[in-house]
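Welcome, and thank you for opening the viewer. Please take me along for a walk through this protein, one selection at a time.

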Amino acid sequence: MMATLRERFCAFFNNRWLVFVAAMWIQSCAGIGYLFGSISPVIKTSLNYNQRQIARLGVAKDLGDSVGFLAGSLCEVLPLWGALLVGALQNLVGYGWVWLIVTGRAPRLPLWAMCILIFVGNNGETYFNTAALVSCVQNFPKSRGPVVGILKGFAGLSGAILTQIYTMIHHPDHASLIFMIAVGPAIIVIALMYLIRPVGGHRQVRPSDDASFTFTYSVCLLLAAYLMGVMLVEDLVDLSHTIITIFTVILLFLLIIPIVVPITLSFFSVPRDSEEEVLLPIPEKQVPGKSEHDVNEVIFSELEDEKPREVDLLPALERRKRIAQLQVKLFHAAAEGAVRVKRRRGPRRGEDFTLMQALIKADFWLIFWSLLLGSGSGLTVIDNLGQMSQSLGYDNTHIFVSLISIWNFLGRIGGGYFSEIIVRDHAYPRPIAMTVAQFVMAVGHVFFAMGWPGAMYIGTLLIGLGYGAHWAIVPAAASELFGLKKFGAIYNFLTLASPAGSLVFSGLIASSIYDREAERQAHQPHLNSQNSGILFSVIFAQDDPLTCKGSICFFLTSIIMSGFCIVAAVLSLILVYRTKIVYANLYGKSRN
């Protein structure tokens, strides 16, 4: 009895679903950058900063969130728990030092040093993201879309989760939020870091996996709906601290519920027979030097040149037979010297690439530029949502920030789910889902440009869903096209696309157009601007010369970003065309 119980606990500790649930919990506190808007006022007041200095701290925050080269490299040379520990220490030191300075417990530092601290603290979350994604994509190689979508979704919700916990604490000193950001994620990550690791997930495939994913999706949707309801209630009704505490306890309960999956699989299901384990495929190990595998690779690269194009259009079974026949002929021809066998340089799509090998591939740059134009325009909307809503006459701007975070979460969940259906059931390239997301975002930008009644609600819905879908689709597609061996480095390079796009769209295009229109309106104090059926009567005070009113403020910017989203969709379609055969080879066999 004790031996059986010990085996059950061992199976529980090595269950891939336990790793997945622990990664969800880490991601639930990994989006600390989303809380910068909540901590910047207390930094501004305590250190007597102006808005331009706060904006520089915001740039440092964005850079820390995006520059993940070191995290990707360390995940390749260190165990994942080591990378998580480095990230937790960076988070603790960076934001902890900021808290000491803001509260007067440490001497004040110059602005450039504060930017470094914010960068270091926020850069810790790149370690959390990379370790969680690398471990779970390796443990769920045949379910990459749902896994990535759920993990990135929890990262998007982390700001709302941490805000709700802070609301429950109800501390009168607002600087305590900085302390919570510094200490809370570090404690959770250190407590869970030994669970985040590859556990041979390919050997743990079960018929119940679909039901487990369905249960996890249900919890995610329930969590999103609950958070939206709590936000609206707390915004509209003055609640007592007891009610807020109850809301927070229910939230924590919803976060814990997914642990039911690994517990059920480990303690209440029939264990897999050892004979069945033996039949499961073992991943190929790459051995340095020439081997039989190398010879097959050489013959296969010659086969690519000799193979008729119509072979790729055959059913999977017939295609394998034709390829096998050609391969035998090539073996004989090579042995007799009739064919000069040449070695193909570098891996093919679907195999393991290094970052340098990926950088010279057209497919990689199609993903990068499509992500830059698509998600970059979405991030621009998120960064300027306050001004956009104010220009259209909304006083309560933070409700749109809360709404777009919920839609962002659902976009990540839905993007992973539907893209997995595309590749699993139809063996069609995953980037087609990104094309759909970018067309949806193009429509959302048009709503922002027109400024119709209710356009802010529809625009935040479409942009949030489309932007979130990018971060479920791109990591999964990158792992499929460029392999898992160097996935951390490749993924962290691709993440640079989004802030790069935001820098161009927001820093150059949106801000210039907004300031020019605000200056024009400032010279016409009694201007009545009517745009797309919305009438705004604007009278500017002397101390607020650069405030723009009306849909004209972001009309041109939104039209430009809508056009760029269409360009991004075209790039994604080109990628779809180029990778049809790759996805047919990856997923066509399982369908047949």
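How many of the 28 residues of H21 are buried? To find out, select residues 455-482, which make up helix H21. The answer is 24, so this helix is mostly covered, given that buried means under 20% relative accessible area. From its first C-alpha to its last, H21 reaches 40 Å, close to the 40 Å expected at 1.5 Å a residue.

Before the next stop, zoom out. What you have on screen is a predicted model. The protein holds 25 helices and two strands. Of its 592 residues, 52% count as buried. Its accessible surface comes to about 27,500 Å², and 65% of that belongs to carbon and sulfur atoms. Among contacts with a separation of 6 or more, 83% are between residues 24 or more positions apart.

**The aromatic rings**

Show the side chains of Phe353, Phe364, Trp365, Phe368, Trp369, Phe482 and Phe493; ring pairs link these residues into a cluster. The structure as a whole holds 26 aromatic pairs. One of them is formed by Phe364 and Phe493, a tilted pair with 5.6 Å centre to centre and 45° between the planes. This pair links distant parts of the chain: Phe364 belongs to helix H17 (residues 362-383) and Phe493 to helix H22 (residues 487-494), 129 residues apart.

Next, pick Phe447 and Trp452. Their aromatic pair is edge-to-face, with 5.6 Å centre to centre and 90° between the planes. Trp452 has a relative accessibility of 37%, so this residue counts as partly exposed.

The charged end of Arg197 sits over the ring of Phe13, 4.4 Å from its centre.

**The nonpolar cores**

Which residues touch the most other members of the largest nonpolar core? Select Phe20, Leu151 and Leu494 to see them; the core has 126 residues. Centre the view on Leu151 and look for its contacts beyond four places in sequence: they are Phe20, Ala23, Met24, Gln27, Ala132, Leu133 and Cys136. There is also a second, separate core of 31 residues, including Cys29, Ile39, Val102 and Tyr166.

Colour its buried residues, among them Ile178, Ile181, Ala182, Pro185, Ala186 and Val189. As you turn the view, keep in mind that an α-helix has 3.6 residues a turn, so residues three or four places apart point the same way.

For the last stop, move to helix H10 (residues 209-236) and find Ser212. Ser212 has a relative accessible area of 8%, so this serine is buried. What is Ser212 in contact with, leaving aside its neighbours within four places in sequence? Show Trp17 and Val261, and you have the answer.

How values were computed: Residues numbered from 1 in each chain as written. Predicted model: local features only at pLDDT ≥ 70, side-chain atom pairs only at ≥ 80, totals over all residues. Heavy atoms only, no water. Phe/Tyr/Trp six-rings, centres within 6.5 Å; stacked < 30°, edge-to-face > 60°. Helix = DSSP H or I, 4+ residues; strand = E, 2+ residues; numbered from the N terminus. Buried < 20%, exposed > 50% of the residue type's maximum accessible area, 1.4 Å probe, protein only. Lys NZ or Arg CZ within 6 Å of the ring centre and 35° of its normal. Core = buried A, V, L, I, M, F, W, Y, C linked by side-chain atoms within 4.5 Å. Contact = heavy atoms within 4.5 Å. Expected span 1.5 Å × (residues − 1). Areas by Shrake-Rupley, 256 points an atom, 1.4 Å probe, with all protein chains shown as cover.
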